[in-house]
Amino acid sequence: MTQTTPAACPRCGRTGGPQGAAFCPYCGAALPTPGLHTPSGARRLIDAAQAQTDPKKKFALLAQAQREYPDCLAVEEALLYLGRLHERDPRKLDFSVIKCYLLHVYLTPEDFDEATAQGMRSELVDGEQLRRCLALAPDEDAFLRRYFARLSAEFVRLFLRGSNRYMNGFFGIRLEGRAARNLAAPTARMLGNILRDARLPRRERGMLYEALYRAYLSEVGGDAQWLNPLLAQSGCPVPEGLGREAEP
């Protein structure tokens with residue numbers, strides 16, 4: 001089977017990121033979808049949007065790109081990951097406008113009533129913007145893997161490693177060297193909840209499970225020695241070919 005060379009990042013020009021990555025590991029820019037050409041005008045608007053710190057201005061640029069370049073997957077994908085950030089109210093703290101917040105339904109399911117949980121699940125795997133992307137994607141499965149990989153990576157970074165609740169600390173100082181140990185329990189809880197979620201379609205369930213496991217490994221430098229035993233205790237599998245090299 002021929003291996004494709006990872007595309008160069010359209011912003012920083014660097015290569016070497018993981019195969020199939022949805023965004024550049026060096027500068028964070030969205031990477032081109034393999035097999036699809038993005039018009040240069042659309043790419044300029046996407047890059048301009050990514051450079052913006054104001055979500056409303058970011059959304060305006062992407063909406064312009066959507067009008068000028070209809071049926072462009074790169075534009076629709078950028079809108080997908082923006083989520084509802086442009087709807088945020090600066091006077092109120094509301095993490096739910098962040099797209100990857102949808103995965104919170106697997107971290108703290110007790111915080112959501114059944115209707116809210118079902119809404120989050122539906123948005124995660126059958127949202128309108130996701131459907132637009134899948135309709136344009138040359139390979140639906142490959143796109144879903146990219147999508148779950150990005151959401152999982154952002155969730156682990158923002159809501160697990162970025163949380164004092166899970167990272168702990170001493171007089172406000174986080175013990176970053178203990179990330180693999182500290183994040184193992186919440187990650188194992190999420191993986192177990194994903195695996196047991198019968199309302200999540202089988203294909204999406206498997207993809208999300210593997211994506212979250214990979215995101216944890218990536219965030220903690222590949223150290224699986226704390227997570228794998230917790231998975232074994234709860235009867236959850238280690239994705240094939242992953243997370244064994246760092247075990248004692």
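Student: How many aromatic pairs does the structure hold?

Tutor: The structure holds six aromatic pairs. Keep in mind that this is a predicted model.

Student: What are the centre distance and plane angle for Tyr81 and Tyr147?

Tutor: The ring centres of Tyr81 and Tyr147 are 6.4 Å apart, and the planes sit at 25°. Planes under 30 degrees apart count as stacked, so the Tyr81–Tyr147 pair is stacked.

Student: And where do Tyr81 and Tyr147 lie?

Tutor: Tyr81 is in helix 3, residues 73–82. Tyr147 is in helix 7, residues 140–160. The pair therefore ties together parts that are 66 residues apart in sequence.

Student: Tyr81 and Tyr147: buried or exposed?

Tutor: Tyr81 is buried, and Tyr147 is buried too.

Student: OK, next pair. What about the rings of Tyr101 and Phe112?

Tutor: Their centres are 6.4 Å apart and their planes are at 85°. Over 60 degrees counts as edge-to-face, so that is what the Tyr101–Phe112 pair is.

Student: Which parts does the pair of Tyr101 and Phe112 tie together?

Tutor: Two loops. Tyr101 lies in the loop between helix 3 and helix 4 (104–107). Phe112 lies in the loop between helix 4 and helix 5 (114–126). The pair thus ties together parts that are 11 residues apart in sequence. Tyr101 and Phe112 are both buried.

Student: Which residues do ring pairs link into a cluster?

Tutor: Phe95, Tyr101, Phe112, Phe155 and Phe159 form that cluster.

Student: Switching to helix packing. How do the axes of helix 3 and helix 6 cross?

Tutor: They come within 9 Å and cross at roughly 155°. Angles over 145 degrees count as roughly antiparallel, so helix 3 and helix 6 are roughly antiparallel to each other. Their crossing is left-handed.

Student: Which residues make the contact?

Tutor: From helix 3: Leu73, Glu76, Glu77, Leu79 and Leu80. From helix 6, residues 128–136: Gln129, Leu130, Arg132, Cys133 and Leu136.

Student: How do the residues of that contact divide into nonpolar, polar and charged?

Tutor: Six are nonpolar, one is polar and three are charged.

Student: Zooming out. What does the secondary structure of the chain come to?

Tutor: It comes to 11 helices and zero strands.

Student: And how much of the chain counts as buried?

Tutor: Of its 248 residues, 46% count as buried.

Student: What share of the contacts with a separation of 6 or more comes from residues 24 or more positions apart?

Tutor: Such residues account for 53% of those contacts in the chain.

Definitions and conventions:
Residues are numbered from 1 along each chain as its sequence is written. This is a predicted model: local features need pLDDT of at least 70, side-chain atom pairs count only at pLDDT 80 or more; totals for chains, interfaces and linings use all residues. Side-chain values use heavy atoms; hydrogens and water are left out. Rings of Phe, Tyr and Trp (its six-membered ring) pair if their centres lie within 6.5 Å; planes under 30 degrees apart count as stacked, over 60 as edge-to-face and the rest as tilted. Helices (H or I, at least four residues) and strands (E, at least two) are DSSP runs, numbered from the N terminus. Buried means under 20% relative accessible area, exposed over 50%, partly exposed in between (1.4 Å probe, protein chains only). Axes are lines fitted to C-alpha atoms, for helices over the stretch in contact, and angles run from 0 to 180 degrees between N-to-C directions. Angles under 35 degrees count as roughly parallel, over 145 as roughly antiparallel, 65 to 115 as roughly perpendicular and the rest as oblique. A crossing is left-handed if the near helix is turned anticlockwise from the far one by less than a right angle, and right-handed if clockwise. Contact means heavy atoms within 4.5 Å. Ala, Val, Leu, Ile, Met, Phe, Trp, Tyr, Cys and Pro count as nonpolar, Asp, Glu, Lys and Arg as charged, and the others, Gly among them, as polar.
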